[in-house]
Structure formats: structure tokens, C-alpha cells
Amino acid sequence: MVILQNEYLKAQFSTKGAELQSLNGLITHQEYIWSGDPAYWGKFSPVLFPIVGGLKDHTYYTDGRKYNLPRHGFARDREFTADQISDTEVSFSLTHDEETLKVYPFEFALVLHYRLTENSISCSYRVNNPGEKTLLFSIGGHPAFAAAVNEEIAYTDYFIEFNKDTELVYHKIGNDLITDETATIDLRPNSTLPLSYALFYEDALVIKTLRSDRISLRNLKNDHGFHFDFSGFPFFGIWAAKNANFVCLEPWCGIADSTGHNQNLVEKEGIIALDENKSWERTWSVTCF
């Protein structure tokens, strides 16, 4: 495990997947990240790369050849190289190799850079194209935040607050693919979404039109929670495993295939095309209180 710590927060990471596995408030005495209980969902905060969501038939085509990738890609299951810069800063890196090229024929350098600043942690995704052809990729976050952390606070005591939205229009998922069927949740009068287990019984809420760039998780029983800040992510997912005491807030640059997609990677919705010797970066952050 890699550990970062300052006077406000202690964060722990695994080199597998460069995954944030604990974020403990040293002043608030709160654990903000889900426990990773495998009875519900055994991950904590995986990175989704080089795809977000599922592919139609787990298959895509590029340069006339057929390839297969699992849902959310392979980065979350790979060992990253860690470079701890200081007590409050670390970078994890992953590059293409023989195994990745078999399923994803692109050269890439992926860096996840984490930094503690007072009571906040930031996560930056940096992608570089060292190859001689355009790099096609998607990337996204999947951090799971703890809810109902003790017997005094129920899951239904929690709510999500949006800074710029009064309704959520989300696309329904069928067989891990995005359908054309949408539903709307009214967030009025306070731009809030109360949590309930049933909210996620049909899978994630996948949103293509979110206006907010700050989402906060609060509860009715105390003043603890966090602000989740993100920008430059055109898609967003909200999800929890069935009857589990967490909620995932997922900023995405990319999205699962639609049910009618032709499976050509270059035509995939949300795909990023990065020219040779170019870099790309996005950041999300969590401010705890």
C-alpha cells in the first residue's frame, strides 16, 4: 500500500489499478471511501481505461481488425508503477506492453496523479500518446463513497446535492449497453437526490446532459460529507451495488456502447482521438467536511 497523509487526511492506495482504497478524515474521524466488501462489490475506486462501460458483444474493430475488451477495460486490473513524490503526492504509471497490445493495439502512457491539499484530495488522469498513430481511448472515474457508516445513520438519510441541475435525465442500461430509453428525476425544490437502495435496482443512472460541476454528499443526521468537483467530463454515472451502503459518483470521458452501435472504435460515442506525441488531462477532487 502507498500512503499519503497531512494534518487533515490520510489516503491509502493499491498499486493494482492505482486505486484509492481509503480516505480517512483525521479531524472529522470519517472514512469517506467504501470498504470494498466483496459480498456487494469488491472494488473501491477503479480507473476505467481504455474504455468506459461495456462494448457491444465485448467487441470492437479498429484498422479492420477485431478485438475484445471486458467492461471498463483493463487498467483497473493491472499493476502500476508508483512514484511517491512527497508525503502528500504520488504518481502511478502504466504503459502499453505485449499483453495490452494483443487486445488494444495502441501505444499509450497513463498516469494517475494524486495530491492532498488541506482537506481535499485530487486525482488527475494524464494520457500521453508516444506512438506514431492516433490514440483512441476513453477514461473515467468510479470512486465509491461510504454511506450509512454507522448504526445511527441509515442509507436513506443521505442525499446528493447538485450545484446546477434541477432535474436528471438519464439513459437506461440494457445488457451493459446504453439504450435510447430515458427517464427523468425531478430534483426540486433543493436540487437534491435522496438515496435509496431501489434507486439503483435497474443499474446505474447514466447522464449525458449534466450541467453541475460540483456534487455534494450530505446526510440528515450530522454535518459531515464532501464536495465532489469535476469539469471537462461530458458524461456522468451514479451507481451502487444492490442494497450496498455506498454510492459511486463517476465522471466519464467516454460511455458504454449504445445498443445500435456499429462497433467501430473510431465512431464510438465519447471516444477521444489523441494525436501522436500529444498529451491529455482531466482532474476530479474531493473536499471533505
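A pocket, as the word is used here, is an open set of grid points with protein on both sides within 12 Å along at least five of seven lines. Keep that in mind for the last stops of this tour, and remember that the model you have open is predicted.

**Stop 1: a pair of rings.** Select F49 and F137. Their ring centres are 6.0 Å apart and their planes meet at 45°, so this pair is tilted. Now look at where the two residues come from: F49 is in the loop between β4 (47-48) and β5 (59-62), while F137 belongs to strand β11 (residues 135-137), so the pair ties together parts that are 88 residues apart in sequence.

Stop 2: Across the whole structure, a search finds 25 aromatic pairs.

**Stop 3: charges over rings.** Stay with F106 and show K133, which lies over the face of that ring, 4.6 Å from its centre. Then move to Y201, where the charged end of K242 sits over the ring at 5.5 Å from the centre.

**Stop 4: the largest pocket.** Select R71, H72, H142, D203 and A204, the lining residues that lie nearest the centre of the largest pocket. Its volume is about 230 Å³. How many residues line the largest pocket? There are 19, and by class they are ten nonpolar, four polar and five charged. To finish, colour β16 (177-186) and β22 (246-253), the elements that each give two or more residues to this lining.

How values were computed. Residues are numbered from 1 along each chain as its sequence is written. This is a predicted model: local features need pLDDT of at least 70, side-chain atom pairs count only at pLDDT 80 or more; totals for chains, interfaces and linings use all residues. Side-chain values use heavy atoms; hydrogens and water are left out. Rings of Phe, Tyr and Trp (its six-membered ring) pair if their centres lie within 6.5 Å; planes under 30 degrees apart count as stacked, over 60 as edge-to-face and the rest as tilted. Helices (H or I, at least four residues) and strands (E, at least two) are DSSP runs, numbered from the N terminus. A charge sits over a ring if NZ of Lys or CZ of Arg is within 6 Å of the ring centre and within 35 degrees of the ring normal. On a 1 Å grid over the protein atoms alone, a cavity is a set of points where a 1.4 Å probe fits but cannot get out, and a pocket is an open set with protein on both sides within 12 Å along at least five of seven lines; lining residues have an atom within 4 Å of a point. Grid points are joined across faces, edges and corners, and a volume is the space filled by probe spheres set on the points. Ala, Val, Leu, Ile, Met, Phe, Trp, Tyr, Cys and Pro count as nonpolar, Asp, Glu, Lys and Arg as charged, and the others, Gly among them, as polar.
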